[in-house]
Amino acid sequence: MIDVNTFIGGFPWRYVPHPEPAVLSQVLQREGIDGAWVGHLPSAFHRDPSHGNAELVAALAPFAPRLRPVPTVRPDWPSATRELDLAVRVSAPAVRLYPQIVGLGPGDPNTTQVAVEAARRGLVLVLTVRFEDLRQRHPMDAVPDLSAAFVRELARASTGATVVVCAASREFIEEVHWGLTPAERTRLHWDISWLWGPPSDELSHLLRTIGASRFLFGSMWPLRLVQTPLASLELREADVLAAVLADPDRLGLSDEAGDWR
Amino acid sequence: MTTPLAGGEPLIDVHAHFFPDGSGYHNGWHLNARRLEAGDRIGIVFHVASILGSWGATSPTYFQSLADTVPANDAMLALQAADARVRTYVAVNPNDGAGAVAEVERCAARGAVGLKLAAARRCDDPVVTPLYECAARHGFPVLHHIWQHRRRHWPGQDISDGADLARAATRHPTVSFILAHIGGGGDYAHTFAAVRDVPNVYLDLSGSGVDRGMLDDALAAVGAQRLLWGADITLCTGLAKLRALEVIGLSADELADIRWRNAVRIFPAHAFASLGGRLSPARPA
């Protein structure tokens, strides 16, 4: 099992205990998780992500291949394709985009272009709906959540890119999934970090209605407990207890896009 | 018998809810069954629970009418009578004044074990005082819904925060106050600072929030003997927190305190009679 939603580095709005790659590696081992896609948390808030990307690559090098870097790309920044090329050079599986933080809305042409270029390079795009619950945010943290409309527009843009959306709620996922054609849905995946187990059983419901092949394991470490998605999986309802989530290493491959529910 | 996911040591959920027919939850009985089923898998021995009026069907969840309050508490007591795993908080709206006190008395006589207050009136408002006095008479802890750091008003609730509860608890030192769901929304760091020095405020760990560092900071602020495990309406985050507690350096005694011993200490003796005898006299509250 691979955790597609982890970071290293600090968070501007609250203290995060030891967000270092060595600790992440130990946590994964302790929890029986084989590896992780790792972003650089501070870069989400930087104007230019290039320095943070360099820091990420250097920090993770001793932990390859268990920890794989996921550099940040700012779609409206002149160096966007340079960061994509960096990602290819370091064998990154994906790049992370934070359009809501830099004020890019649904249908943004720069994001569409980055998606096309990422697909050309075999890179997955990772979007993050939110880092924290709206109710606990710092007074200066006025960035809205990523909108469902943004994800719908990106999925409808025929860029060829595979997109992983992290930290989406059940309502968000359903609004996007059922707002796309079956063909558009096949390029879209969701991590399970914000889907609740019993008694509301949102995760079980979505595995049943949308299909396990659309979902990936993700925790949002170091911001959130890695034990949460593991617990959600353990507490699934009986009829979906054996459902197998998608394999991140197979995203975008022809045999991956088989779920047309 | 299969070992529970959270191990075999007793486990009390001090913040649970049930949902009767006709409530704002159309699938209430399914939710109830799933809570108990998942609770068994986790290893929950007791669900201490409330029903907040009609859950919005005929009066707002956090501003429940007296007409909704009485049948909700009856439904909760019926669940308790039917299932040995269930215990009842009597939930009332403090604005009902003498009617609210009478409802607590009525439910205490029928076996309720605690008082649940939500967000119909700020917890340090003098209007609530008769309810705290009533709780003291019955030895009931008060589970109070809390927004962690109220920086503004939010719709649908007249919310209290940790600082408000600290004031109320200081005025009523013989009552144990359970500060609801530190993971239930808002800035828990503010809460920890607000209640650190108020010994009759206990923190319930429930809520969907699973921030790393939250449990460590709660422990540092109030110690293991003022933490209570709970899940509220997300049992997955409850299980996750139990597992996190196991790896943050607690002793076996401290873990047992959080899982069940603290609850046994602050609830009436009849609430968990089967566990009361297991409390070690060498580890007083």
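Trainee: What should I know before I start?

Mentor: The model is predicted, so to speak of local features we need pLDDT of at least 70, and side-chain atom pairs count only at pLDDT 80 or more, while totals for chains, interfaces and linings use all residues. Residues are numbered from 1 along each chain as its sequence is written, and chains are lettered from A and ligands numbered from 1 in the order in which they are written.

Trainee: What is the strand order of the open sheet in chain B?

Mentor: Strands of a sheet pair through backbone hydrogen bonds, either parallel or antiparallel. Strands here are DSSP runs of E, at least two residues, and helices are runs of H or I, at least four, numbered from the N terminus; two strands pair if DSSP finds at least two bridges between them. In chain B, eight strands run in the order E1-E2-E3-E4-E5-E6-E7-E8, with parallel pairing. E1 (12-17) and E8 (227-228) of chain B are at the edges with a single partner strand each, so one side of each has no neighbour in the sheet.

Trainee: Which residues of helix H2 of chain A are buried?

Mentor: Buried means 20 or more other C-beta atoms within 10 Å of a residue's own, exposed 12 or fewer, and partly exposed in between, with C-beta atoms placed from the backbone. In H2(A), residues 50-60, the buried ones are Gly52(A), Asn53(A), Leu56(A) and Leu60(A). Down the axis of H2(A) they fall within an arc of 100 degrees, so they line one face; the arc is taken from the directions from the helix axis to the C-beta atoms. The face turned away carries exposed His51(A) and Ala58(A).

Trainee: How many residues of chain B are in contact with chain A?

Mentor: Contact means C-beta atoms, placed from the backbone, within 7 Å. By that rule, 26 residues of chain B touch 22 of chain A. H8(B) gives the most to that side of chain B, with seven residues.

Definitions and conventions: Contact = placed C-beta atoms within 7 Å.
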